[in-house]
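User: I would like to learn how to read the features of a model like this one, taking the general idea of each feature before its particular case. Could we go through it step by step?

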Amino acid sequence: MVSQEVNEDVLIKDVVKRSLDIWATREHDEKDSKVYSDYSKYVFRKWAFIIVCVVAAIIVIGYALSVGDYPIPFFDCYLVIWDHIIGNIHMGLEDSIVFELRLPRIEMGILAGAGLAVAGVVMQSTMMNPLADSYTTGVSSGASLGATIGIVLGFSLFNVEQYGTVLNAFVFSLVPMAAIVSISKIKNASPTTMIMGGIAIMYLFNAITTVITLMANPDQLQDLYRWSVGSLGFAAKEDIPVVAAITIPVCIIMMLLTKKLNALASGDESAKALGIDAERLRRICLVLVALMVASIVSFSGLIGFVGLVAPHIVRIFVGADNRYLLPASAAFGALLLVLSDLIGRMVIAPAILQVGVVTAFLGGPLFLWLILRKNSTVW
C-alpha cells in the first residue's frame, strides 16, 4: 500500500514537472516568436523607407525630364530611356533633348546627392560629431579656392583648357583633408581636434579666396557666383562617367564597411575591443570621402546642406545603424537634390534658381527644426 502511494506521488511529480517544462518551452517559443516578429517589422520599416525614396526619386526624375521649354509627355521620357537601354535608339528631337540636355543634369544630381549624403554619414560616424560634413572638414573651401584661382587668375595646375578649373578645384579640395589626415597621423589627434583643424583650414582658405575675388572683373564674378552657390547646370554628358567612376566605387566600399563604421561610431575603445584599428579606419574613410566629394564639387560647385541635413532626416526613420542609414541616405540625398533642382527650374521660370540656393532654403529650416526637436536618441 505504501509502495503504491509512493509510486503515485512520483508519477504526479513527474507529470507536474513535464507540464512545467512544456509551459516554459511554449512561453520561451512565444517570446522568441514575438522578438523575431518585432525585428522583422523593424527591418521592414527601414527597407520600406529606402524603397519609398527610390520610387519617389524615379517619379521626380521622370517629371524633371518632361519639364522645360519643350515639354515632353511624362511616360515618353521613360520610353526614350528604355529604348536606349535595349539599343533601339531613334535620334529624334525628344531623344536629343532628353539625353543631351536634361539627363546629364539629372544624373549629376543623383550622383552628387547620393555621394554628398553618404559623405555626411561617414564623416559624422567616423568623427562622432553630428556637425561633420564636407564643409566643416575644409574640402569645400579648398575646392572654392582652386576654382577661384582658375577663374580669376587664369592659373591651372594642369595644361588642360576645358577642365582647368575643375582640376584646380579637385586638387585644392584634397589639401585640407591631406592636412587633417597628416595631423591625425603625427599627433594621434582626436576626432574633435581633426574637425577643429578642418575649420581652421576652411577659414584660411576662405580668406585667401576673398582676397583673390577682389581682383575679379564682372564676368569672372558671375562665374564665381554660379560656382560658389552650386549648380547642376555645369554637368555635360562626358562629365558623368568621370564623377561616377569615383562616386559609385567609394559608396560601395562604404557600404561594405558599415559594420566597422557602427563600431567606430560607438567610440574608439569599443572599436579596438573588436579588433578594429580605429585611427587607421578613420583615415581611410576620410581619404575616400575626400576623393568622392572632391570629384562632385569640382563639377557641380559648392552644394551645401545635403551632406549635413540628409543623414539627420533619415536617422528619424531608420535610426543610426549604418547598415541601413548609408543606403537610405544615398537614396534620400539623390531624391532631395533632384527635387531641389526641379524646384529651382520651376519656381521663377524661365530663369533658373541655382540648386545650392534651393537646398539652403530647404536645409536651413529643416536643420533648425531638427535642433529644436532635439531627439538625441538617434545618436
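User: Is A273 buried or exposed?

Analyst: The general idea is a set of cut-offs on relative accessible area, where buried means under 20%, exposed over 50%, and partly exposed in between, computed with a 1.4 Å probe on protein chains only. A273 has a relative accessible area of 68%, so A273 is exposed. A273 is found in helix 10, residues 268–273, and its C-alpha atom is separated by 9.4 Å from that of A263, which is ten residues apart from A273 along the chain. This is a predicted model, in which local features need pLDDT of at least 70 and side-chain atom pairs count only at pLDDT 80 or more, while totals for chains, interfaces and linings use all residues. Residues are numbered from 1 along each chain as its sequence is written, and side-chain values use heavy atoms, with hydrogens and water left out.

User: How many helices and strands does the chain have, and what percentage of its residues is buried?

Analyst: Helices (H or I, at least four residues) and strands (E, at least two) are DSSP runs numbered from the N terminus. By that reading the chain has 14 helices and zero strands, and buried residues make up 47% of its 379 residues. Contact means heavy atoms within 4.5 Å, and among contacts between residues at least 6 apart in sequence, 76% join residues at least 24 apart.

User: What are the angle and the hand of the crossing between helix 3 and helix 8?

Analyst: Axes are lines fitted to C-alpha atoms, for helices over the stretch in contact, and angles run from 0 to 180 degrees between N-to-C directions. Angles under 35 degrees count as roughly parallel, over 145 as roughly antiparallel, 65 to 115 as roughly perpendicular and the rest as oblique. A crossing is left-handed if the near helix is turned anticlockwise from the far one by less than a right angle, and right-handed if clockwise. The axes of helix 3 and helix 8 come within 10 Å and cross at roughly 30°, and the two helices are therefore roughly parallel to each other. Helix 3 passes helix 8 in a left-handed crossing. The contact is made by P104, E107, M108, L111, G115, V118 and V122 of helix 3, together with I240, V243, A244, T247, I248, C251 and M254 of helix 8. For the classes, Ala, Val, Leu, Ile, Met, Phe, Trp, Tyr, Cys and Pro count as nonpolar, Asp, Glu, Lys and Arg as charged, and the others, Gly among them, as polar; the residues of this contact divide into eleven nonpolar, two polar and one charged.

User: Which residues does T247 touch, not counting residues up to four places away in sequence?

Analyst: T247 is found in helix 8, residues 240–256, and counts as buried because its relative accessibility is 2%. With those sequence neighbours not counted, T247 touches L111, G115, M292, S295 and I296.

User: How do helix 3 and helix 12 each cross helix 13?

Analyst: The axes of helix 3 (residues 93–127) and helix 13 come within 7 Å and cross at roughly 140°, which makes helix 3 oblique to helix 13. Helix 3 passes helix 13 in a right-handed crossing, and the residues that meet include G109, G113 and A117 in helix 3 and S329, G333 and L337 in helix 13. By class, this contact has 14 nonpolar, six polar and three charged residues.

The axes of helix 12 (residues 306–318) and helix 13 (residues 322–346) come within 9 Å and cross at roughly 125°, which makes helix 12 oblique to helix 13. The crossing of helix 12 and helix 13 is right-handed, and its contact has eleven nonpolar, two polar and one charged residues.

User: Which residues touch the most other members of the largest nonpolar core?

Analyst: A nonpolar core is a set of buried Ala, Val, Leu, Ile, Met, Phe, Trp, Tyr and Cys residues joined through side-chain atoms within 4.5 Å. The largest one has 73 residues, of which V118, V122, M254 and F332 touch the most other members. Leaving aside its neighbours within four places in sequence, M254 is in contact with V118, V122, L261, C285, L288 and L326. A second, separate core of 17 residues includes V60, V98, F99 and V338.

User: Is V358 buried or exposed?

Analyst: V358 has a relative accessible area of 4%, so V358 is buried. V358 is found in helix 14, residues 355–373, and, leaving aside neighbours within four places in sequence, is in contact with S340, I343, G344 and L353.
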